[in-house]
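Here is a short tour for someone meeting this structure for the first time. Have a look at it, then read on.

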There are 2 protein chains.
Amino acid sequence: MGTITKAVTLLNHFSSDRAEIGLASFVRLTGGDKATVRRHLQELEENGYLEQNPETRKYRLGPAILRLAAVRETSFPLRTFIRPIVHGMAETLGELVHAALLQGDVMSTVYSADPKVHGTRVIFDESEMLPLHATASGLAMLAFGPESAVDYAIAQDRKSYAPNTVIGKSDLLHLVRQTQAQGYSFSDQYFTNDIQSHGMPFFGPKGTAVGTLAVPVPAGRLTPDLRDQIIDELRRGCAAITHALGGTMPAAFEPDQPAP
Amino acid sequence: MGTITKAVTLLNHFSSDRAEIGLASFVRLTGGDKATVRRHLQELEENGYLEQNPETRKYRLGPAILRLAAVRETSFPLRTFIRPIVHGMAETLGELVHAALLQGDVMSTVYSADPKVHGTRVIFDESEMLPLHATASGLAMLAFGPESAVDYAIAQDRKSYAPNTVIGKSDLLHLVRQTQAQGYSFSDQYFTNDIQSHGMPFFGPKGTAVGTLAVPVPAGRLTPDLRDQIIDELRRGCAAITHALGGTMPAAFEPDQPAP
DNA sequence: ATACGCGGTATCAAATAATGAACCACCACT
DNA sequence: AGTGGTGGTTCATTATTTGATACCGCGTAT
């Protein structure tokens, strides 16, 4: 593992509910040596990717991140494209909708919208990274994304997140094939108990999936009717995003999607 | 220079008008070896910090950046705090206002708002990094920020950006003292020809400046009246941001700022 | 007053990762 | 069919990273 990856791995430990991390915590999280971790943290801090809370001496993500995000969004405003689409879907469905991109062997959220109409809601952490094998987003990506993603997923140890999580290699491959056949993925409490989720990919210029839309709902609320609505909206949304990306949907996705 | 810094330096070459960079360009920009640069780019790409435009094969900033920015903004919503303040100032003044943070030896923009009321406008690149010695933001930071910033600024070779740029060490120190005395900085076409800019720092919990607000205007438009308005707004804005940060303004800044 | 956990630092030999000259394939231009 | 511009690759050499050990200063819980 290269030094860059090690350093960047430190950054990846941050999430919404882990916004500040101290040196000792980092050592525990990474299993690395204290001196080494410290050197990395220091170098990241010098470059503005981290900053230290002057009171607690814990580290948090630094301002450099903001600048880079601004650059990316200015030049390639994916989030800006996706936002109204996801929002519209969330309004129509009355359910949480989220968009994610493939990032290595994991899905990384780009945007999510919660219509806040129900008493019980899916709690979704915008900054969480989603595993490929245990989420509707991930399965959709495995089914239609680059083959390397599948290789990753079957090669690595698959963590179990909930009682239903699919761990077995052949089970997973079956699930992927099923997803390919039906054109959308379905996670029946694979990642979180009591949450069922449908996912579908959108495509980039090369014709392989680059990201996914997914709609997680509390298990009790998923009627056949809602399911059909969700699939319909997913199809519409993915087509729209694919179009915005200058991408091409594989033939299988087109028939049910007449131009509005 | 450590490997991490080298890699991160690659990322820093991106800006709004340099959104995609090819391998050869990187080699030219960094002066490094092609194979080395390539390996760094690849490792960054594997971690989602870069992605390759499949058509041009050039590199652009990747989705990991978005996630991290979301984490930082969720846990430490500086941009969200600052946005309405900067907006309000821009509306009131009818001029561009921008907020920046100290990031190493450079100022990094957090937010800027352009009221778009005048025919001639300041063109400002949201993602540019501003040098400490040649901008109103930078001078304000030198005057009220950590001493290390001044050390940086006087140690390094100061690049000239415009005919007026202050290069001399003693000249710069004089300018810093003057800024400390009057409580705001003034850049008379130090960075860009025909642009005059006023800057003022805001403070974090430690009582040293962590960032700045600045208002650049086309040189012809700066009347004494406008100047007074700008200073007034800067004072209000910096006080507000400092307050939001849980920071403390040094005594020198308080008198003219009665609670509204 | 002591022991523990915290952040941070220094040293140094061994292990590992970074390096770069040379090379390949491709494309466009001439 | 040569030239020069891409992006990408190889591999022996070199230099950097690494981590075990030990230590400092600080706060706080025992």
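In the hairpin of strand 6 and strand 7 of chain B, which residue takes a positive phi? That residue is B:Q189, with a phi near 60°, and the hairpin has 6 residues between its strands.

Before going further, some ground rules. This is a predicted model, where local features need pLDDT of at least 70 and side-chain atom pairs count only at pLDDT 80 or more, while totals for chains, interfaces and linings use all residues. Residues are numbered from 1 along each chain as its sequence is written, and chains are lettered from A and ligands numbered from 1 in the order in which they are written.

**The sheet of chain B**

In chain B, 6 strands form an open, antiparallel sheet in the order 5-4-3-8-7-6. Strands here are DSSP E runs of at least two residues, and helices are H or I runs of at least four, both numbered from the N terminus. At the edges sit strand 5 (129-131) and strand 6 of chain B, each pairing on one side only. From one strand to the next, the twist averages 30°; angles are taken between N-to-C directions, on a scale from 0 to 180 degrees, of lines fitted to C-alpha atoms, for helices over the stretch in contact.

| Strands of chain B | Sense | Bridges |
|---|---|---|
| Strand 6 (185-188) and strand 7 | antiparallel | 4 bridges |
| Strand 7 and strand 8 (209-218) | antiparallel | 9 bridges |
| Strand 3 (97-103) and strand 8 | antiparallel | 4 bridges |

B:F186 has B:H198 in strand 7 of chain B as its bridge partner, and B:F203 has B:A209 in strand 8 of chain B. B:H98 stands opposite B:A214 in strand 8 of chain B. The hairpin of strand 7 and strand 8 of chain B has 5 residues between the strands, and there B:G207 takes a positive phi near 95°.

**A covered strand**

Is strand 7 of chain B mostly covered or mostly open? Mostly covered: 9 of the 9 residues in 195-203 are buried, meaning that 20 or more other C-beta atoms, placed from the backbone, lie within 10 Å of a residue's own. In a regular strand, side chains alternate between the two faces of the sheet. Here both faces are covered, with B:I195, B:S197, B:G199, B:P201 and B:F203 buried on one side and B:Q196, B:H198, B:M200 and B:F202 buried on the other.

**Where the chains meet**

Across the interface, 47 residues of chain A are in contact with 46 residues of chain B, counting C-beta atoms, placed from the backbone, within 7 Å. Helix 4 of chain A gives the most to its side, with 12 residues. That helix also lies across strand 3 and strand 4 (106-113) of chain B, at about 55° to strand 4 of chain B.

**Beside the DNA**

Around DNA strand C there are 21 residues, and A:G2, A:T3, A:G22, A:A24 and B:A35 come nearest. A residue counts as near if its C-beta atom, placed from the backbone, lies within 6 Å. Helix 3 of chain B supplies the largest share of this surface, 4 residues. DNA strand D has 17 residues around it, and the nearest are A:D33, B:G2, B:G22, B:L23 and B:A24.

Technical notes: A residue is buried if 20 or more other C-beta atoms lie within 10 Å of its own, exposed if 12 or fewer, and partly exposed in between; C-beta atoms are placed from the backbone. Two strands pair if DSSP finds at least two bridges between them. Two residues are in contact if their C-beta atoms, placed from the backbone, lie within 7 Å.
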